[in-house]
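Please look over the model shown below before reading on.

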Amino acid sequence: MSTGASDEMVGPVHILDARRLLCPMPVIRLQQLVATLTPGELVDMVCSDPGALHDVPAWCRVHGHVVLETAEVAGEITIRVRVDGTA
Amino acid sequence: MLAAKLMLDQGIEVEGLNFFTGFCVEGHTHAIRDRDRARPRRNNALWVAERLGIKLHIVDVVDAYKQVVLNPRHGYGKHLNPCLDCKSFMVGRAYEWLCEHEFDFIVTGEVVGQRPKSQRRATLPVVARESGAGDRLLRPLCAHHLEPTLPEREGWVDRDRLLAFHGRSRKPQIALAEELGLDEYAQPAGGCCFLTNEHYAAKLRDLWAHRGQRDYELDDIMLLKVGRHIRPRPGFKLVVGREDGENRFLQGYRRQFTSLQVSDGRGPLALVDGVVTDDDLTLAARVVARFGPWREAPRVPIEVAVPGQPARVLEVEPLAADGIPGEWYV
């Protein structure tokens, strides 16, 4: 599913493997990674907890980051986040 | 939510802190169990932050929190809940965060008399003192029952616009929520921590007793939230999934634990905790067959997978309904 958000600012892509972690751990891991990044950089998360589909976008909204894309295939969830705000 | 909203309405910048201890009820149980899937699949703290328009920082305190659980200075509540120590710990971590990020004071939703252990008139000062926050800790919902704090004395907060809630009733909070236009909110009152749960506390005590030491890792306390825990003898415990959601969760531990499942993949997945014999594995297989769909069959093939070894199949007779003594259940 695409959020339809603009993707014109494309920076380095960081991979975050959050499989087997239950919420809120995927959000905590994302928060820790984003704290080291700068606006425009991208994070590709892989999660197994379906709760991440709710919690990661919510965390991004309150911190001003952008979820560019989410997908769920065979129980594995991928979320692409663009760093925009602050951790 | 209410305390933060009162601050926001006074024009004060607020950011939220949410501490993850590993014992939180919401989130994990909803994620694991199919039967909880009808509930809103949201993190309530994030949901509240979004409603209020504030940032929320979720802080992993799993390791640091161990000392609170293992050695609470003020002891436990009814089960293994170290509520007063917990509160002091969390306010203490909030105070550290405040210092690092140049905020001025801490706000909590505590109310005098709300909780029998951690929110009494005698214990609220304990939290302020032991956390290190001192009078930078403001409780807006019951401020009129307490001495003015630094933010009130300095005029950062208008004390006249703070409240005088007290006691166990949540009606004043519910009325205030309506007044503030907050028509939806997380369920008030307890139940958010597994350490207050009698059955969970029994399983944690059992873990400590059979490990020979009071300690735990995150995986330990996560597994205590899931499945039937059956201990046929000291040093040998089975965790048996009760439904598909739990079985999926337990699958993630198959590289760490010996696991058993009916060969056709139907029925529960079970993990074996401890150092076991072949007889133990046969018994485990019979237990798994008992909880599977083929419990009436004369023989059931159970796949046994030991990490790092090829899986093998045991053909076993399912245990009878009365084959699992009540005292085996943890």
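The contact between the two chains draws 17 residues from chain A and 17 residues from chain B, where two residues are in contact if their C-beta atoms, placed from the backbone, lie within 7 Å. This is a predicted model, in which local features need pLDDT of at least 70 and side-chain atom pairs count only at pLDDT 80 or more, while totals for chains, interfaces and linings use all residues. Residues are numbered from 1 along each chain as its sequence is written, and chains are lettered from A and ligands numbered from 1 in the order in which they are written.

**The side of chain A that touches chain B**
- At least two residues of this side come from each of α1 and α2 of chain A, helices being DSSP runs of H or I with at least four residues, numbered from the N terminus.
- The most is given by α2(A), with seven residues.
- By class, this side has nine nonpolar, four polar and four charged residues; Ala, Val, Leu, Ile, Met, Phe, Trp, Tyr, Cys and Pro count as nonpolar, Asp, Glu, Lys and Arg as charged, and the others, Gly among them, as polar.

**The two helices of chain A**
- Helix α1 (residues 25–34) of chain A packs with helix α2 (residues 52–63) of chain A at an angle of about 35°, their axes lying 9 Å apart; axes are lines fitted to C-alpha atoms over the stretch in contact, and angles run from 0 to 180 degrees between N-to-C directions.
- In α1(A), P26(A), V27(A), L30(A) and Q31(A) meet A52(A), D55(A), V56(A) and W59(A) of α2(A), and the residues of this contact divide into six nonpolar, one polar and one charged.

**The domains of chain B**
- Chain B is divided into domain 1 (2–194) and domain 2 (226–328), with bounds from an automatic or database domain assignment.
- The centres of domain 1 and domain 2 of chain B, taken over C-alpha atoms, are separated by 41 Å.
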